Amino acid sequence: MLRQRRRGFDSRRALTAAASIVAPSRMLRVNNFPWQNEAWQFYRSLGVFKYAMLWHSQTMSRVRLTAAVIEPGAEEPTPVKDGPAADLMREFFGGPVGQSQYMRAIDVQLSIPGEGYVVAVDDPEDEDGGRSWNVYSTSELQVTSGRANVDGRTRSVDLWQVQVDEGLWRTLPYTTHVFKQWHPDDEFSWRPDSPAH
């Protein structure tokens with residue numbers, strides 16, 4: 001989210017992150033606010049509204065993500081071709097095709113309920129350290145308890161579950177990475193807000 005001040009604008013601080021890494025916890029709110037449920041109902045029942053949301057998400061899917069650095073005095077960021085940042089960007093959602101799908105999917109989440117989750121699951125059978133990426137709504141994730149190997153010992157831990165069908169949930173590995181993205185409410189930045197709201 002871009003926030004600019006009229007006076008004393010600092011381009012290095014122009015991007016305000018509305019994302020955070022989220023660990024599974026029974027204390028975590030992953031259910032919807034009433035207005036979010038109403039927004040999803042409008043999306044499902046009002047064709048014009050759904051068309052507008054899908055049109056916007058399709059335009060966002062054309063955005064190309066790249067690692068870049070802001071050079072002092074430069075008008076545009078300079079793309080980074082090599083190094084850890086470039087490597088991470090190439091891995092994120094498997095590259096440009098997957099990133100296009102990510103941009104479309106996360107735009108729907110940010111435009112309707114105002115929040116969504118990016119989930120990265122490591123594939124234990126992939127020798128190259130493969131990772132699958134997905135975007136999920138707050139309705140598709142929940143926290144459960146289970147046992148996992150932590151620092152060489154089996155312990156009781158909170159784990160993420162993702163809904164894969166009606167009433168069917170799959171528990172994700174302990175090493176799953178979950179990132180919450182949201183449009184912050186203007187009054188309470190920890191709350192989500194959205195154009196649909």
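Q: How are α1 and α2 set relative to each other?
A: They are roughly perpendicular to each other. On the terms used here, angles under 35 degrees count as roughly parallel, over 145 as roughly antiparallel, 65 to 115 as roughly perpendicular and the rest as oblique. The axes of helix α1 (residues 34–45) and α2 cross at roughly 100° and come within 5 Å. Axes are lines fitted to C-alpha atoms, for helices over the stretch in contact, and angles run from 0 to 180 degrees between N-to-C directions.

Q: And what sort of model is this?
A: This is a predicted model, in which local features need pLDDT of at least 70 and side-chain atom pairs count only at pLDDT 80 or more, whereas totals for chains, interfaces and linings use all residues. Residues are numbered from 1 along each chain as its sequence is written, and side-chain values use heavy atoms, with hydrogens and water left out.

Q: Back to the helices: which residues make the contact of α1 with α2?
A: From α1 they are A39, F42, Y43 and S45, and from α2 they are G47, F49, K50, M53 and L54. Contact means heavy atoms within 4.5 Å. Six of the residues in this contact are nonpolar, two are polar and one is charged. Ala, Val, Leu, Ile, Met, Phe, Trp, Tyr, Cys and Pro count as nonpolar, Asp, Glu, Lys and Arg as charged, and the others, Gly among them, as polar.

Q: How does α2 pack with α4?
A: Helix α2 (residues 47–60) and helix α4 (residues 96–111) have axes 8 Å apart and an angle of about 140°, which makes α2 oblique to α4. The crossing of α2 past α4 is right-handed; a crossing is left-handed if the near helix is turned anticlockwise from the far one by less than a right angle, and right-handed if clockwise.

Q: Which side chains of α2 and α4 are involved there?
A: On α2 the contact is made by M53, H56, S57, Q58 and M60, and on α4 by M103, R104, D107, V108 and S111. This contact divides into four nonpolar, four polar and two charged residues.

Q: Changing topic, which strands make up the open sheet, and in what order?
A: Three strands form it, in the order β6-β7-β8, with antiparallel pairing. Two strands pair if DSSP finds at least two bridges between them. Helices (H or I, at least four residues) and strands (E, at least two) are DSSP runs, numbered from the N terminus. The edge strands are β6 and β8 (168–171), each of which pairs on one side only. Neighbouring strands of this sheet are turned by 35° against each other on average, direction ignored.

Q: How many bridges join β7 to β8?
A: Four bridges join these antiparallel strands. Q161 stands opposite T171 in β8.

Q: What about T144, buried or exposed?
A: T144, in strand β6, is buried, with a relative accessible area of 17%. Buried means under 20% relative accessible area, exposed over 50%, partly exposed in between (1.4 Å probe, protein chains only). Not counting residues up to four places away in sequence, T144 touches R26, V157, D158, L159, Q161 and T171.

Q: Last one: what does A86 touch?
A: A86, in helix α3 (residues 84–91), is in contact with A67, V80 and K81, leaving aside its neighbours within four places in sequence. A86 and A67 are 19 residues apart in sequence and 5.6 Å apart in space, C-alpha to C-alpha. A86 counts as buried, at 4% relative accessibility.
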